[in-house]
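Open the model in your viewer and keep the selection panel at hand. The stops below follow one another.

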Amino acid sequence: MVSAADRIREIEEEMKRTQVNKATEHHLGELKARMAKLRRELMKPKGGASGGGFSIRKSGDSTVVFIGFPSVGKSTLLNQLTNAQSEVAHYEFTTLTVIPGVMEYKGARIQMLDVPGVIQGASQGRGRGREVLSVARNADLLLIMLDVFQANTQLDVIMRELEAMGIRPNQKPPDVVITPTQRGGLVVNSTLKLTKISEKTVETIMNVYDLYSANVVIRTDIDADQLIDVVVGNRRYIPALVLLNKCDLVDKAFVAQVKKGLPTPSIEISADKNVGLDALREKIYSSLRLIRLYLKPRFGEADLKEPMIVREGSDIGEICDRIHRGLRAGFRHAFVWGKSAKFPGQKVGMDHVLFDGDVVNIVSR
Ligand SMILES: Nc1nc2c(ncn2[C@@H]2O[C@H](COP(=O)(O)OP(=O)(O)OP(=O)(O)O)[C@@H](O)[C@H]2O)c(=O)[nH]1
Ligand SMILES: [Mg+2]
């Protein structure tokens with residue numbers, strides 16, 4: 001019997017042979033859908049023991065995961081940014097498990113996880129790759145760390161391994177809603193002109209996943225890959241920063257050249273020589289989109305020393321949940337001072353969205 005892995009290889013070969021143009025768009029879309037389906041089969045846990053994955057409890061206000069080839073300097077960076085002491089050595093696969101650290105910045109406690117290096121084939125299990133990539137799936141931010149001498153090839157492999165594990169770094173979830181129906185076939189409605197996929201391809205991809213009757217509403221100019229992501233589900237859309245490490249070993253012109261050759265913006269650092277790390281801390285913090293709130297008792301001043309750290313876009317209801325379970329039930333109203341308030345001390349309800357630096361007083365029964 002032909003295995004799923006063999007079928008994937010066959011399809012990959014066929015895709016390589018097929019030129020990308022309008023005439024082949026449909027055929028390629030179908031191949032991609034079949035491939036994603038086979039990959040999903042491969043990814044299914046084989047039953048029985050869990051295979052000893054890394055069990056790491058999320059803690060702090062956010063979790064950042066380091067991803068990179070062996071020996072690019074992940075542990076060196078963790079030790080610089082946090083209180084952790086992860087082993088550093090010049091040979092590969094020094095780190096064999098998850099080493100956590102905490103970076104305190106602007107009142108936020110940011111959990112950072114150093115993991116074993118990722119190599120080609122990681123998503124299929126090489127070098128504990130599947131466990132490493134599962135940790136990455138739960139990150140709030142990925143730090144993709146590259147060696148300045150091999151940046152392009154390393155980035156290429158890492159992006160492919162992340163993608164194979166359903167991680168979509170720096171992508172927005174496409175706005176596509178699929179509602180299965182009992183009968184009536186596939187009804188596709190798009191609110192904009194689709195320039196990268198034909199209606200026929202949309203239908204074929206759905207058919208590969210045995211979807212023959214459904215309403216599909218498309219509000220993003222998607223391509224075949226994005227539609228497959230929606231159909232398969234379980235994708236993680238995670239912000240990521242690309243770091244170029246060991247820049248102390250090269251001159252400015254070399255760094256500029258490397259940066260120009262990469263498909264995404266990157267940040268140059270030297271983890272070992274502590275160069276560029278202050279800017280990196282700030283960039284990590286701003287990428288996590290955290291805001292600081294100050295709680296004020298009914299009578300008295302707000303505690304301006306210890307902010308409560310929450311995600312941008314949080315409303316009063318979520319603040320209640322953070323303070324204690326049950327506060328929502330007894331909630332009456334809140335008073336807000338700061339950027340989100342129309343005037344100081346505005347009285348607001350549960351769905352009022354807060355801004356960085358706001359002062360909040362919650363009144364409950
Ligand atoms: N010159 C230079 N060397 C560095 C830098 N960062 C790390 N190194 C060296 O690179 C080697 C590997 O560093 P590690 O921090 O152990 O790398 P790692 O990514 O954790 O490696 P694994 O745990 O094997 O995946 C060590 O010899 C470090 O001293 C840097 O910025 N500049
Ligand atoms: Mg290490």
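A polar contact here is a pair of N or O atoms within 3.5 Å; within protein, one must be able to donate a hydrogen and the other to accept it, and residues adjacent in sequence count only if both atoms are side-chain atoms. The model is predicted: local features need pLDDT of at least 70 and side-chain atom pairs pLDDT 80 or more, while totals for chains, interfaces and linings use all residues. Residues are numbered from 1 along each chain as its sequence is written, chains are lettered from A and ligands numbered from 1 in the order in which they are written, and side-chain values use heavy atoms, with hydrogens and water left out.

**Ligand 1.** Next, find asparagine 245: an N or O atom of its side chain is 3.1 Å from a ligand 1 oxygen. At glycine 117, the atom to pick is a backbone N or O, 3.4 Å from an oxygen of ligand 1. Of the 650 Å² of accessible area that ligand 1 has on its own, the protein covers 89% (Shrake-Rupley method, 1.4 Å probe).

Now show the shell, meaning residues with a heavy atom within 4 Å of the ligand. It holds 23 residues, the closest being Lys74, Thr76, Phe93, Thr94 and Asp248. Helix 3 gives the largest share, three residues; helices are DSSP runs (H or I, at least four residues) and strands likewise (E, at least two), numbered from the N terminus.

**Ligand 2.** Which atoms coordinate the magnesium ion? Select Ser75 (OG) and Thr95 (OG1), at 2.0 to 2.1 Å. Serine 75 lies in helix 3 (residues 74-81) and threonine 95 in the loop between helix 3 and strand 2 (99-105), so the pair ties together parts 20 residues apart in sequence. Donors are N, O and S atoms within 2.8 Å of the metal (3.2 Å for Na, K and Ca); water is not among the atoms, so sites may look incomplete. Serine 75 is buried, at 7% relative accessible area, and threonine 95 is buried at 9% (buried is under 20%, exposed over 50%, partly exposed in between; 1.4 Å probe, protein chains only).

**Threonine 82.** Last, go to threonine 82, in the loop between helix 3 and strand 2. Threonine 82 is buried, at 10% relative accessibility. Its side chain reaches the backbone oxygen of leucine 78 at 2.8 Å, and a polar atom of that side chain lies 3.0 Å from the backbone nitrogen of alanine 84. Not counting residues up to four places away in sequence, threonine 82 touches Gly101, Val102, Met103 and Met112 (contact: heavy atoms within 4.5 Å).
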